Amino acid sequence: MKLPEPQTRTFSSIISEIEKGQIKIPQFQRDFVWTIQKSAGLIDSVIKGYPIGTFIFWKTKDRLRSVRDIGNQVLPDPEPGESVDYVLDGQQRLTSLYACLKGVSIEREDSKKVDNFSKIYINLESDENEKIVTTEVDEGKIGHHISILDLLTGDFTVLASYPAEYHEKLKLYKNRIESYQYSIIQVKEAPIDIATEIFTRINVGGKPLSLFEIMVVKTFDYEKDFDLSQKFEQLIDSLKPHNYETIPDATVLQVVSMIISKECKRQVILKLDKTEFIDTWDKSVDSIERAVEYFKSYYRIPVSQLLPYNALIVPFSYFFFYHKDKPTGDKQKYLQDFFWRCSLSGRYSSSVESKLAQDIKRIDNILEEKLPIYDWSIDSSKDFIINNGWFSAGRSYIKAILCIYAYHQPKSFIDNSLVNISNYWLKQANSKNYHHFFPKAYLKNQGKEENYINHVLNITIVDDFLNKREIGSKAPSRYMSKFKKINPEIESSMKSHLINDLDDFGVWEDNYDVFFKNRANLLNKEIEKRIIKREVDIKSQPDIQDDYEEEPTVTE
C-alpha cells in the first residue's frame, strides 16, 4: 500500500470523472440524505471560497458493487483494468455538488420524493456577507436570480439577458465555481480490508459499519458474480414461504464462519478467506434451509419469531452441513435435548459467540451419536415455571414455552380450525396471536397481582378471528359457554392449548388458581418429555432474571 496522496481537482475534472464512471459509491456507503437546502448551503460555501472539507478516495482496480451511481444517474462502468476512485469520505458533499452543478433530480428511496436540484439559485442582489445561494425565489424578483445550472451551462444570450449591473457578478460566481480547488486524499493500492477500516475510522463519530456491511465489501467478487448483499436477499426470499424471513444477517455470517473455522467471533469472521467464504456459501445456505425445515416439521415451530434464539440457527445449520439426512434414533433425541437445554436456560442471552463455539463441540458429539456433557442445569419443575413465567413476548424462556404451545397446533375456540400464527403478529406482547385465557381486566377486578395475571400459564395462542371485544373482561365461564354452543369440538380445541378437561381446570367455576396450577403441571410434563435428565439437573437452576437474546448485529 502506498502512502495516501493529497491532491486538488477542479469542478470540471471531478464532473468529467464522475460521468466516465471513474468515481463510484461503494456498497458500504449509505443513502444520500442531504436535503436540497443543505446542498444549496454547500454551493454557497464554494462561491464564497470557504473550505468544504477533504474528500477521501480509494483508488483501486478491484470491482465492487456500487449502491448507485452518483446522483442516481445512469453512468457508464469503467473499462476492464481501469482504476476506479471509490468514495470513502465525502459522499454526501460529492453527490450534492454533482446534483447541484448538473441540475439533476434525485428520488429519495425512503419516501419516493423527488428533489429537483436544478431549482437552486443565486440571489444576485445578495452581497458577500449574506446568503447567496437559495432554493426559494420571490416571484416578484425572478430577474434577480439565476439557477446554478443556467450560470454554468447557459450560453451568452442567457447571461446577457440579465441586467448589466449583474454581469460582473455572473462572471465572478461562474469563475469561482469552475476554478474552486477541491481537496482530495487518494488512498492507492490498499487492500479492501484497509479501505473499509479507513472508512470505519472516518465515520467513528457517526453510525459505524455493521459486520455484515463490511463482509459485503470484503467478499464481493466481480468475476464470480458473488455479491453477499444479493445472496442474503435471495436466502431471505427463499425463507419467506416458510415464515422464517426474520433471521438476522449476522446470524447467517455466524453459520458460515462456524462451518469454516468452528468460531464466529467478529475478528474471526473478518479474517475468513474470501475464496473459502464464497465456495462455502451455497452449502451453508442449504444447511440453513434444512435447519429451518427441521424446526418447522419436527419441533413444529411455525415461524421464526417464535424461535427462543436466532442463534439456534447456527448449531443446527452446522449439524445439517455435515448430516445430509434427517436425524433419527439417538441423534434425534440428543438434538432435541440440546435445543430445549439452550432454549429454557437463557443460554444465548449473553456471550453468544463464545457459547456457540463451545456448543459446536457438543454438536460434534451428537454427530458421532455421543451424548454431550452440559455444565448448566434445567429445572422443569412447576415452581420454576411459576417463578419465571411472567409474560413478555421477547423473552427467550417465554418463547420456548410458546413453542411448546405451538407444537400442539392450537385450534380456534370458534370452529376447531388451525390457528394462523404470524411473524408480524408475534412481534409485540399485545399481538393478535396472544390471548389471556382469564382476561386481565377480569382478574384485576378479582384483586389478583399483575405478575400472576400476566403469566405465560394464562396465555393461549389464538388468531384474529377470535373476537376479543366479545370476550372483554368477561369471566371464562361466560364466554366459553358461548363457544361451546357454536363449537361442538370445544373439548378437543382446548386440549390443543394444553387446557385439558374444562371441569378439572376450573374453567366453569372461574377458578383461576386451579387453572394456573393444572396448566403448570401439564407444562412441566411437556418439558420433561423433551429433555434427557442428568445429574446436573438435580441441582436447582437459578431463576432467569433476563433471558432476552443478545443483539446479533455486531458493529465496531
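Me: Which relative accessible area counts as buried, and where does S422 lie in this predicted model?

Reply: Buried means under 20% relative accessible area. S422 lies in the loop between α17 (396-407) and β11 (434-436). With a relative accessible area of 17%, S422 is therefore buried.

Me: Which residues does S422 touch, not counting residues up to four places away in sequence?

Reply: With those neighbours left out, S422 touches V303 and N433. The C-alpha atoms of S422 and V303 are 6.8 Å apart in space, while 119 residues separate the two in sequence.

Me: How is a pair of packed helices described, and what are the values for α9 and α12?

Reply: Two packed helices are described by the angle between their axes and the distance between the axes. Here the axes of α9 (residues 228-239) and α12 (residues 274-297) come within 11 Å and cross at roughly 15°. Angles under 35 degrees count as roughly parallel, so α9 and α12 are roughly parallel to each other. The crossing of α9 with α12 is right-handed.

Me: Which residues make that contact?

Reply: From α9 come L228, K231, F232, L235, S238 and L239, and from α12 come F277, W281, V285, I288, E289 and V292. By class, these residues are nine nonpolar, one polar and two charged.

Me: Is S317 buried or exposed, and what lies 2.7 Å from a polar atom of its side chain?

Reply: S317, which is placed in helix α13 (residues 313-322), counts as buried because its relative accessibility is 0%. The atom 2.7 Å from a polar atom of the S317 side chain is the backbone oxygen of I313. Beyond its neighbours within four places in sequence, S317 is in contact with V255, S287, I288 and A291.

Notes:
Residues numbered from 1 in each chain as written. Predicted model: local features only at pLDDT ≥ 70, side-chain atom pairs only at ≥ 80, totals over all residues. Heavy atoms only, no water. Helix = DSSP H or I, 4+ residues; strand = E, 2+ residues; numbered from the N terminus. Buried < 20%, exposed > 50% of the residue type's maximum accessible area, 1.4 Å probe, protein only. Polar contact = N/O pair within 3.5 Å; in protein donor to acceptor, adjacent residues only side chain to side chain. Contact = heavy atoms within 4.5 Å. Axes fitted to C-alpha atoms, helices over the stretch in contact; angles between N-to-C directions. Parallel < 35°, antiparallel > 145°, perpendicular 65-115°, else oblique. Left-handed = near helix turned anticlockwise from the far one by under 90°. Nonpolar A, V, L, I, M, F, W, Y, C, P; charged D, E, K, R; others polar.
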